[in-house]
Amino acid sequence: MEAASPAIGRVKLSGLDSRTSRRGSTKSWHPTSAFIGRGRKSVTCSGGELNKPLELVAVSSRHSTDDSVNLGKPNVFVPLSKRKLVGQTFCSARVGTFHENSFGVASHAAEEKIGVLLLNLGGPDTLHDVQPFLFNLFADPDIIRLPRMFRFLQRPLAQLISVARAPKSKEGYAAIGGGSPLRKITDEQANALRSALEAKNCPVDVYIGMRYWHPFTEEAIQQIKKDGVTKLVVLPLYPQFSISTSGSSIRLLQSIFREDSHLARLPVSIIESWYEREGYIKSMANLIEQELRTFSRPEEVMIFFSAHGVPVSYVKDAGDPYQDQMEECIFFIMKELKTRGINNEHTLAYQSRVGPVQWLKPYTDEVIVELGQKGVKSLLAVPVSFVSEHIETLEEIDMEYKNLALESGIENWGRVPALGCTSSFILDLADAVIEALPSATAMTTTSSTTISSDESDFDPILTAINLFFGSIMAFFLLMSPKLISAFKNNLL
Ligand SMILES: C=CC1=C(C)c2cc3[nH]c(cc4nc(cc5[nH]c(cc1n2)c(C)c5CCC(=O)O)C(CCC(=O)O)=C4C)c(C)c3C=C
Ligand SMILES: [Fe+2]
């Protein structure tokens, strides 16, 4: 796996108590399934603002006012305070929005139609969908990164890996009822968010764009266009940013918007990450506090945060902020718990590694065994990188890790549920949307703002090394049956 180069993922962590600091073969279109809710009336949910095409605005949403945006170039951050924003965020039931010129004078009134696009991973609805879903995932260059010269191998490789992994994945999905619950839960979250925004006098249309399965992101965008949305807030349903998740979805959005002159002018605000929002942190703390109470000796329970892993190269070579954001997120949750008098020990480990590369450590399975050996008797697993139940909570944690823990000497096991439609969490997401509205600006088609990891950071030496090792890897993977089976074994 080639190192992903720095791209949109760089989020400046300023003003924070920073301690450490994913189409193919079976794609089809179901226009209605991407569209969740329709605001009954067009109203203004933002203050006046300059509305001329600027750059992509990517906002790391936090409850503090000290914020910064990344313009798609590594290490280029423009503090929000320096951007041409006029007015405050507010929602009113007034029809139409006023765009102010640089003198703050209302120069144009137009009917506003706000759209919220929820980005998510998607999951197979049935066992029959598993292999094509995996194909879509592995065909994503943000998931398996090949040197550019070998991009023609991306789809054959995705075919190979998806076929090799499908039996194991199918077992997992069969164990949780024969498919992923992700679509249903994301639909529910979208409905809850629409209702929350409506209650805050900010009616919006909510759309769902999945990266690897239905309803696909392309489909949601077509619906957004068809509906005449005039302002769009993009909200990835991943609290922490990773190149492999929110980054991949945002990159896809950019490529769609780049090809469409109407979309290229649409004011868009992207909430890159929101793990540090007070509402999210408090909602997580509430869930942990509730689960701790189910143990007979709550104070003796080890709080075990388990996050989805990413390959180490994403963080070390490509500057993926995922690990930093994860550690910071856990710090904030623990800090919140301390204010409630909860001083339990805690630890963080990474789960769900795939393939023969180094992933973020420590690995969840290894830590569980170690904790058992050390005499830990009570453990509360907290899934922290995703806000819905999915295969990795329902199968990997609830079945595999639970069994491993019990075999390792841990006697009392608990697991915090995913946030799902928890009202305090949905209300906070609604606030995040409202806060993001004033910073919506059009994406431009200029190369300076295009997220393209390959072009933005051309390094001839690194490219030569990548080409060399890439060709060796491609040769062995495609030519050597022995290595193919070794690779398969590693995946299976
Ligand atoms: C923050 C969350 C996630 C990160 C980071 C992430 C990175 C990542 N994932 C894979 C490979 C697979 N992921 C799979 C399923 C899956 N992944 C996430 C979240 C993150 N992935 C979720 C929520 C799900 C479950 C979807 C569902 O159907 O419920 C799968 C398929 C399941 C399986 O076979 O295990 C694969 C494969 C990589 C390679 C990667 C980073 C590079
Ligand atoms: Fe994953």
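**Note on the predicted model and its ligand site**

1. The shell around ligand 1 divides into 18 nonpolar, ten polar and three charged residues. Here Ala, Val, Leu, Ile, Met, Phe, Trp, Tyr, Cys and Pro count as nonpolar, Asp, Glu, Lys and Arg as charged, and the others, Gly among them, as polar. Of the 31 residues around the ligand, R165, S169, Y173, S180 and H308 come nearest. A residue is near if one of its heavy atoms lies within 4 Å.

2. A word on the basis. This is a predicted model: local features need pLDDT of at least 70, side-chain atom pairs count only at pLDDT 80 or more, and totals for chains, interfaces and linings use all residues. Residues are numbered from 1 along each chain as its sequence is written, chains are lettered from A and ligands numbered from 1 in the order in which they are written, and side-chain values use heavy atoms, with hydrogens and water left out.

3. An N or O atom in the R165 side chain is 2.8 Å from an oxygen atom of ligand 1. A polar side-chain atom of H308 lies 3.0 Å from a nitrogen atom of the ligand. At I391 a polar backbone atom is 3.2 Å from a ligand oxygen atom. Alone, ligand 1 exposes 800 Å², and the protein buries 98% of that. Areas come from the Shrake-Rupley method with a 1.4 Å probe; for residues, only the protein chains shown count as cover.

4. Where does ligand 1 lie? Domain 1 (127–179 + 459–491) and domain 2 (278–420) both give residues to its shell, so ligand 1 lies between them. The domain bounds come from an automatic or database assignment. Helix 1 gives the largest share of the shell, four residues. Helices are DSSP runs of H or I, at least four residues, numbered from the N terminus.

5. The count of salt bridges is 20. Each is a side-chain nitrogen of Lys or Arg within 4 Å of a carboxyl oxygen of Asp or Glu. R251 pairs with D142, the closest N and O atoms being 2.9 Å apart. R251 is in helix 5 and D142 in the loop between helix 1 and helix 2, 109 residues apart. R251 counts as buried at 16% relative accessibility, and D142 as buried at 3%. Buried means under 20% relative accessible area, exposed over 50%, partly exposed in between (1.4 Å probe, protein chains only).

6. R293 forms a salt bridge with E289, with the closest N and O atoms 3.6 Å apart. R293 is exposed, at 58%. Salt bridges with shared partners join E289, R293, E336 and R340 into one network.

Technical notes
A polar contact is a pair of N or O atoms within 3.5 Å; within protein, one must be able to donate a hydrogen and the other to accept it, and residues adjacent in sequence count only if both atoms are side-chain atoms. Helices (H or I, at least four residues) and strands (E, at least two) are DSSP runs, numbered from the N terminus.
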